[in-house]
Amino acid sequence: MQGGREPTQAEFHDAITSRADRWFSACLKITRNRAMAEDAVQEALLSAWAKRSQFHHDSRLDTWIHRIAVNAALQLIRKNRPASFEPLDFEIADDTDSQEDTHHAGDLERDLAKALTHLSDIERVCFVLKHLEQWRLKEIAEELDSNVGTVKQALFRGVRKLRKRMTTLQGV
Amino acid sequence: MNDDKLTLYYYKDGLTQGERLEVTNALVADAELAARYKTLSNELSQFEGAEIEAIPRDMMLRFHDTIDRAANMERGAAPQKSPPVHFWSFFWGAAITATLALGIGIGVWFSGDVDQAAGEPLIVDITPQSDVVPVVFQRSMQNYLRESQREITELPMDAEADRLILILRLIDQNRLFEKAAVQNNSPKLARVLRAFEPILVQLASDDIAPEDAEALRAQLAFELNVMLTKLTRDTSDGRQTNTERT
């Protein structure tokens, strides 16, 4: 893409063709809901198109849209599940496997998507944004209208649960 | 040292430079801690290659369509380049003529005596009318006139693209109600509605002087109000079955 001009319709199509699956996957990991993930990508595309004159050509169009899509996904969760990001209760949630979980543990796929289902919204979002999207803790806190300490605690809880889950799965 | 601190060390985030140095030194000095960190790193790295879900073709098409629709909408909303001045000079004259004709037409229609108002009809043709006018149509027409009056009053005169979109929508609605009027035995009403269109087109022009636009807008709002008043009066008088009869 040349510098100094806004991205064209064709360039948007190219970005969709090559990266829409990544945008959707990131949004799906955040929302855990396919319809919401698709809505987030749709909103991101419309928003990116409307604001394309603000696109900085020292970055990549698909990366820019990716970030907008992740933000849209976060907004959708806050809108649809407003309690998700209320101040955290620092009590560690009971992450012991339920009998049903244990019973079906052998059936679970050993992938991140499955493991992430055992995290609360705030834990999952903090983990996805930190680990997969590589946001800074400060950025996450700002995006969630929270503080770095709260985000750290959510991340620690998420990591602990995920590690435990993976150990359990590997042990079955 | 707990695993939370090691987690932050792994992410290279959330620790001060001094804290990072402290962890580094501890890892060098403590083999057990180093082993714990290795385990933590290995486990976290399992999540690095999180799978990317291939999206279905129909979803991919919807994403492409989103951009096409946004681009098309933008093109549709863009104000037209100003046509040559001579065209608008001609059109301005036509619009004034249409406005005058509309005013006379509404006046004649409002007087309720078209046949005898003049030796020859102006814009209101004399058409035999024998069927009744459905009350549903009259109610819809009232709503349309009321809504159009409000939209014209609130027309954004300082935003050309928005004004153009609103006027195009008004023209579309006007045409629909004009057809409905014909189908509901109200040809005079249809003609009055038809006479609105050139004025609306003129109002959409991007080179119209603000005072001229304001005058046209005020006149349209007034004429709509006159029509609305007549329709409302006829309906409340129970004359909805023969509005166009004089």
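This is a predicted model: local features need pLDDT of at least 70, side-chain atom pairs count only at pLDDT 80 or more; totals for chains, interfaces and linings use all residues.

Trainee: What is the mean pLDDT of chain B?

Mentor: The mean for chain B is 73, and 66% of its residues reach 70 or more. Residues 79–90 of chain B also have pLDDT below 50, with 10 contacts in the model beyond near neighbours in sequence.

Trainee: Which elements of chain B have the lowest and the highest mean pLDDT?

Mentor: Helix α6 of chain B, residues 114–117, has the lowest, at 42. The highest is helix α1 of chain B, residues 3–11, at 92.

Trainee: And the scores for the model, what are they?

Mentor: ipTM is 0.76 and pTM is 0.51.

Trainee: OK, switching to chain A. How many helices and strands?

Mentor: Eight helices and zero strands. Of the 172 residues in chain A, 35% are buried. Among its contacts with a separation of 6 or more, 70% are between residues 24 or more positions apart.

Trainee: Where does α1(A) bend, then?

Mentor: At A:R19, by about 65 degrees. After the helix comes A:R32, with a positive phi near 55 degrees.

Trainee: Which residues of α1(A) are buried?

Mentor: Among them are A:F12, A:I16, A:W23, A:F24 and A:C27. In soluble globular proteins, nonpolar side chains tend to be buried together.

Trainee: How many residues are in the largest nonpolar core?

Mentor: That core has 48 residues, and A:C27, A:A40, A:V41, A:A44, A:A69 and A:A73 have the most contacts inside it. Elements giving two or more residues to this core include α2 (34–50), α3 (61–80) and α8 (148–171) of chain A, together with α4 (57–77) of chain B. The most comes from α1(A), with 10 residues. Domain 1 (9–83) and domain 2 (92–171) of chain A each supply at least three residues to this core.

Trainee: What does A:A44 touch?

Mentor: Leaving out residues up to four places away in sequence, A:A44 touches A:W23, A:I65, A:I68, A:A69 and A:A72.

Trainee: Which residues are in the other core?

Mentor: That one lies apart and has 24 residues, among them B:L193, B:A195, B:L203 and B:L231.

Conventions:
Residues are numbered from 1 along each chain as its sequence is written. Chains are lettered from A and ligands numbered from 1 in the order in which they are written. pLDDT is the predictor's confidence in each residue, from 0 to 100. Helices (H or I, at least four residues) and strands (E, at least two) are DSSP runs, numbered from the N terminus. Two residues are in contact if their C-beta atoms, placed from the backbone, lie within 7 Å. A residue is buried if 20 or more other C-beta atoms lie within 10 Å of its own, exposed if 12 or fewer, and partly exposed in between; C-beta atoms are placed from the backbone. The bend at a residue is the angle between axes fitted to the seven residues ending there and the seven starting there. A nonpolar core is a set of buried Ala, Val, Leu, Ile, Met, Phe, Trp, Tyr and Cys residues joined through C-beta atoms within 7 Å. Domain bounds come from an automatic or database domain assignment.
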